[in-house]
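Student: Could we go through this model together, taking its helices and a few of its loop residues in turn?

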Amino acid sequence: MLYEQINLEDYSQTGEGGTAIAYTNRNGRTLAKLFSPGFAADEARKEFLTGRVVYEMGLPTPEPIRLITDGTRYGAEYELIVGKRSFTRIISEEPEQLEPLSGLFARLSRELHAQKADTSRLPDMKELVRDRIVRFKNLPDDLKNTLLAVLERIPSADTCLHGDLHIGNIITDGRRNLWIDVGDFAYGRPEWDLSMMYHAGNVLSDDRVKSLFHISAETLRRHWDIFTRAYWNTDDPAELEARTKALYPYVALKLTAFVSKLHDGKGPLSESLIRMISNYLR
């Protein structure tokens, strides 16, 4: 499957995330997602092919149409959902929607995690994480060995995982709720999905949260609190704390894998990030 060259004059930029920029085709029917320069073409291809599997499984997600490049960046073109807004965009414009949408997101996440994955066509999250940690050239050997030992102790499961679960990765057109950015869809324990939600909602700076989610860090923390009570179906502080702490090993592993993926296993790992990963492992 080859990348098709596009002319960006046929598109207008309509969104920006942590690793990619979205462009709407002037034909009003498709949306192009191009990853940042330096992002491996093979990673864009894997995301597209995984998206096709998710779409063909019948899960609600825009149809992936073709692989594309502007000559420098790589990505894919998708069905455009007319009139769509992400849940975070709605919350930013209508703050009173925080509680109902956070509760709805919890229900939709539980429904996703109740489904069994097609393990013949989707990757095992444990193996994805293992591969990205092993390939991380600048990861200190002692930390790498510790992470791999922790990974070995994590139980396997055939549960559907979004792979990048957060409230900005679901959209609605007023009739349907659809998952987006499903290129990391995989199978494994639900904690993999919840781990990065925790990290984003409790660690990222206000500026970073605003650039990624269009809401304040305080709002994202409130979302996490509402979400966890609904997702875990408890208001008991001790149980919520215990369930949250159980996510820490997953955060350490997923965060390391994310940085490795972002830089194709070759990027730097700052001392502050090493400390953060190590603290999650304590």
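Predicted model: local features only at pLDDT ≥ 70, side-chain atom pairs only at ≥ 80, totals over all residues.

Tutor: Residues are numbered from 1 along each chain as its sequence is written, and side-chain values use heavy atoms, with hydrogens and water left out.

Student: What span does helix α8 reach from its first C-alpha to its last?

Tutor: Helices here are DSSP runs of H or I with at least four residues, strands are runs of E with at least two, and both are numbered from the N terminus. Helix α8 takes in residues 217-231, 15 residues in all, and the expected span of a helix is 1.5 Å times one less than its number of residues. For α8 that expectation is 21 Å, and the model comes close to it with a span of 20 Å.

Student: Which helices are included in what covers the buried residues of α8?

Tutor: Buried means under 20% relative accessible area, exposed over 50% and partly exposed in between, with a 1.4 Å probe and protein chains only. By that cut-off the buried residues of α8 include Leu220, His223, Trp224 and Phe227. Taking contact as heavy atoms within 4.5 Å, the cover of these buried residues includes α2 (87-93), α3 (98-113), α6 (191-202), α7 (206-213) and α9 (237-245).

Student: At roughly what angle do the axes of α6 and α8 cross?

Tutor: Two packed helices are described by the angle between their axes and the distance between the axes. The axes are lines fitted to C-alpha atoms, for helices over the stretch in contact, and angles run from 0 to 180 degrees between N-to-C directions. On this basis the axes of α6 and α8 come within 8 Å, and they cross at roughly 145°.

Student: How do the residues of the contact of α6 with α8 divide into nonpolar, polar and charged?

Tutor: Among the residues that meet are Leu194, Met197 and Tyr198 in α6, and Arg221, Trp224 and Phe227 in α8. Ala, Val, Leu, Ile, Met, Phe, Trp, Tyr, Cys and Pro count as nonpolar, Asp, Glu, Lys and Arg as charged, and the others, Gly among them, as polar. The residues of this contact therefore divide, under that scheme, into 8 nonpolar, 3 polar and 1 charged.

Student: Why are the buried residues of α11 on the same side of the helix?

Tutor: In helix α11 (residues 271-280), the buried residues are Leu273, Ile274, Ile277 and Tyr280. They lie on the same side of α11 because they cover only a limited arc around the axis, the arc being that of the directions from the helix axis to the C-beta atoms. That arc is 125°.

Student: Is Glu43 buried or exposed?

Tutor: Glu43 has its place in helix α1 (residues 41-56). Leaving aside neighbours within four places in sequence, Glu43 is in contact with Arg132, Arg135 and Lys261. Because its relative accessibility is 9%, Glu43 counts as buried.

Student: What is the phi of His214, roughly?

Tutor: His214 lies in the loop between α7 and α8, and with a relative accessible area of 31% it is partly exposed. The phi of His214 is positive although the residue is not glycine, with a value near 70°.

Student: By what distance are the C-alpha atoms of Ile180 and Thr61 separated?

Tutor: Ile180 has its place in the loop between β10 and β11. Not counting residues up to four places away in sequence, Ile180 touches Pro62, His162, Gly168, Asn169, Ile170 and Ile171. Ile180 and Thr61 are 119 residues apart along the chain, and their C-alpha atoms are separated by 5.9 Å.
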